[in-house]
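Subject: Structure handover

Hello,

The structure is pasted below, and my notes on it follow. Please read them alongside the coordinates.

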Amino acid sequence: MNKKRNSSIIGMVIVFILLVFDQFTKYLAATYLKGGHSIILIKGVFQLHYLENRGAAFGIMQGMKIWFVIGTLLMLAVMIFIYWKSPMEQKFKWARMIIMILTAGAIGNLIDRLRLDYVIDFFYFELINFPIFNVADVYVSCGMVLLVLFGLFYYKEEDIERLIPFKKQQEKKADMQ
């Protein structure tokens with residue numbers, strides 16, 4: 001149990017550090033970019049541009065804050081549960097790291113939604129007109145890519161079953177019926 005507790009403390013510290021970095025970059029964006037003061041880093045390709053996003057990617061679901069908050073809280077609960085239940089074997093350190101990254105991203109945008117009623121976005125790839133995003137979005141996107149890659153190429157089906165205890169319980173119920 002000591003190993004699990006230590007892992008949880010380390011996980012919280014990592015999430016906190018990632019979260020501080022996300023919030024600091026959003027503070028800088030609000031301080032220096034708000035009001036139309038974009039910073040062009042690579043002309044015609046990449047710039048820092050302030051945006052108050054009241055929806056999700058591509059501006060979908062504008063003004064549906066309550067659904068974002070509820071969905072984020074549910075996902076956080078699931079991620080924390082899986083983190084806590086994950087085996088303390090070396091093989092599962094990557095799964096725990098991915099959960100930390102996803103958790104930091106989810107909390108970073110949740111803080112904005114609760115505090116400001118919108119999420120501060122500021123990275124803009126002008127070349128491809130990609131939606132403006134932030135550091136928390138990078139955490140979530142990279143975390144999801146890593147989750148898929150590790151799920152497909154690193155973890156075996158029995159490893160995933162050990163990580164996600166819900167599946168075992170559902171199979172037991174189905175076998176009993």
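Helices (H or I, at least four residues) and strands (E, at least two) are taken as DSSP runs, numbered from the N terminus. On that basis the chain has six helices and three strands, in the order α-β-β-α-α-β-α-α-α.

This is a predicted model: local features need pLDDT of at least 70, side-chain atom pairs count only at pLDDT 80 or more, and totals for chains, interfaces and linings use all residues. Residues are numbered from 1 along each chain as its sequence is written, and side-chain values use heavy atoms, with hydrogens and water left out.

Buried means under 20% relative accessible area, exposed over 50%, and partly exposed in between (1.4 Å probe, protein chains only). Of the 177 residues, 37% are buried. A nonpolar core is a set of buried Ala, Val, Leu, Ile, Met, Phe, Trp, Tyr and Cys residues joined through side-chain atoms within 4.5 Å. The largest one holds 31 residues, and F122 and F123 touch the most other members. Helix α3 is the main contributor to this core, with nine residues. Leaving aside residues up to four places away in sequence, F122 has contacts (heavy atoms within 4.5 Å) with residues including T25, A29, L48 and F133.

Strands. β1 (residues 39–42) and β2 run antiparallel and are joined by three bridges; DSSP must find at least two bridges for strands to pair. I40 has Q47 of β2 as its bridge partner. Three residues separate the strands of this hairpin, where G44 takes a positive phi near 75 degrees.

Salt bridges. The criterion is a side-chain nitrogen of Lys or Arg within 4 Å of a carboxyl oxygen of Asp or Glu. The structure has six. K26 and D112 form one at 3.1 Å, N to O. K26 is in helix α1 and D112 in helix α3, so this pair ties together parts 86 residues apart in sequence. Both ends are buried: K26 has 1% relative accessibility and D112 has 0%. Another joins K34 to E52 at 3.5 Å, N to O, linking the loop between α1 and β1 to strand β2. Here K34 is partly exposed at 42%, as is E52 at 26%. D159 and K91 also meet, at 2.8 Å, N to O; D159 lies in helix α5 (residues 157–163) and K91 in the loop between α2 and α3. D159 is buried at 7%, whereas K91 is partly exposed at 27%.

Regards
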